[in-house]
Amino acid sequence: MKTRILTGISLASVLVFALIMRGWVFSCLWIAALCVALHELIYAFSKAGHRPVALPNWIMLLLGIPVFMLVQGVNSLILLSLMLFAAFFFVSIQVIFRSDPKLQDLLISILPMCMLLIPGLSMLGLLRIEDTYLSNMLMWIVFVIPTFGDAGAYFIGVKYGKTKLNPEVSPKKTVEGSLGGLVFSILGAMTVYAVFALMKANLPPWWHILLLAFTGSLVEQMGDLFASLIKRHCGIKDFGTIFPGHGGMIDRLDSVLFVAVLVFLYQVSFI
């Protein structure tokens, strides 16, 4: 427990530092995290006996970084769609023309694009919003919703949890814990909104953030369950050991990545 707490404090410190510094500091740390997460996911599938195609995923990540650092708004969505199609096309070619082509290998090779690369690049898109206050608020919300949600789900689940949420995927999660996570996520997001409102920032209406937090909580819990499903399929407890007591990079980012897509789409569509 002590190791877990110390690791958690260290991770929180790095995150706060990156969010405050923004710019190239956040970008470099975030890109490094994506690279580690991509390696963990491909390695997990390989250990499970699959043959994932890794190269198109790495190419998409490397090409997507400058695109999302320079292009904003709807144009970034168009470029992302084109990159995704191109990556899918080359993955399909490599799998189909193998001596032993399997549909499962093709689908697993595409999964990192949807689970890691699109969400990861969406975060870089949030960093490029011209209004610095708005960009900061949305980026903090991306991390606060899952962080507060996880904490609320844990504490409420431990104390009041009785009804299993989905024992086939994650035996420890409860309905009570899930509801607690929902409440905590909303409280966390609204607190971030209140702090930036005190700075006289030009922000969207408060009820936008309320709905975003509500939806984000549901999305982050699905992200957590999805990661648990992959680990169960691969027969592993954690995706890695890079963070003592916390597992691998994906174990820390699974919920954040799902929320990043939601917040990015909200920003592109409504702001």
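## Second largest pocket

The second largest pocket has a volume of about 160 Å³ in this predicted model. A pocket here is an open set of points on a 1 Å grid where a 1.4 Å probe fits, with protein on both sides within 12 Å along at least five of seven lines; lining residues have an atom within 4 Å of a point.

The lining comprises Pro 56, Ile 59, Met 60, Leu 63, Leu 82, Met 83, Ala 86, Ala 87, Phe 90 and Gln 94. Helices are DSSP runs (H or I) of at least four residues. By class, nine lining residues are nonpolar, one is polar and none is charged.

## Aromatic pairs

Six aromatic pairs occur in the structure. Rings pair if their centres lie within 6.5 Å, and planes over 60 degrees apart count as edge-to-face. Phe 89 and Phe 90 are edge-to-face because their ring centres are 5.6 Å apart and their planes lie at 75 degrees.

## Model confidence

Mean pLDDT (the predictor's confidence in each residue, from 0 to 100) is 88 for the protein, and 97% of the residues score at least 70. Among the elements, helix 3 (residues 55–70) has the lowest mean, 80, and helix 7 (residues 175–198) the highest, 94.

Residues are numbered from 1 along each chain as its sequence is written, and side-chain values use heavy atoms, without hydrogens or water. Local features need pLDDT of at least 70 and side-chain atom pairs 80 or more, while totals for chains, interfaces and linings use all residues.

Conventions. Helix = DSSP H or I, 4+ residues; strand = E, 2+ residues; numbered from the N terminus. Phe/Tyr/Trp six-rings, centres within 6.5 Å; stacked < 30°, edge-to-face > 60°. Points joined across faces, edges and corners; volume = space filled by probe spheres on them. Nonpolar A, V, L, I, M, F, W, Y, C, P; charged D, E, K, R; others polar.
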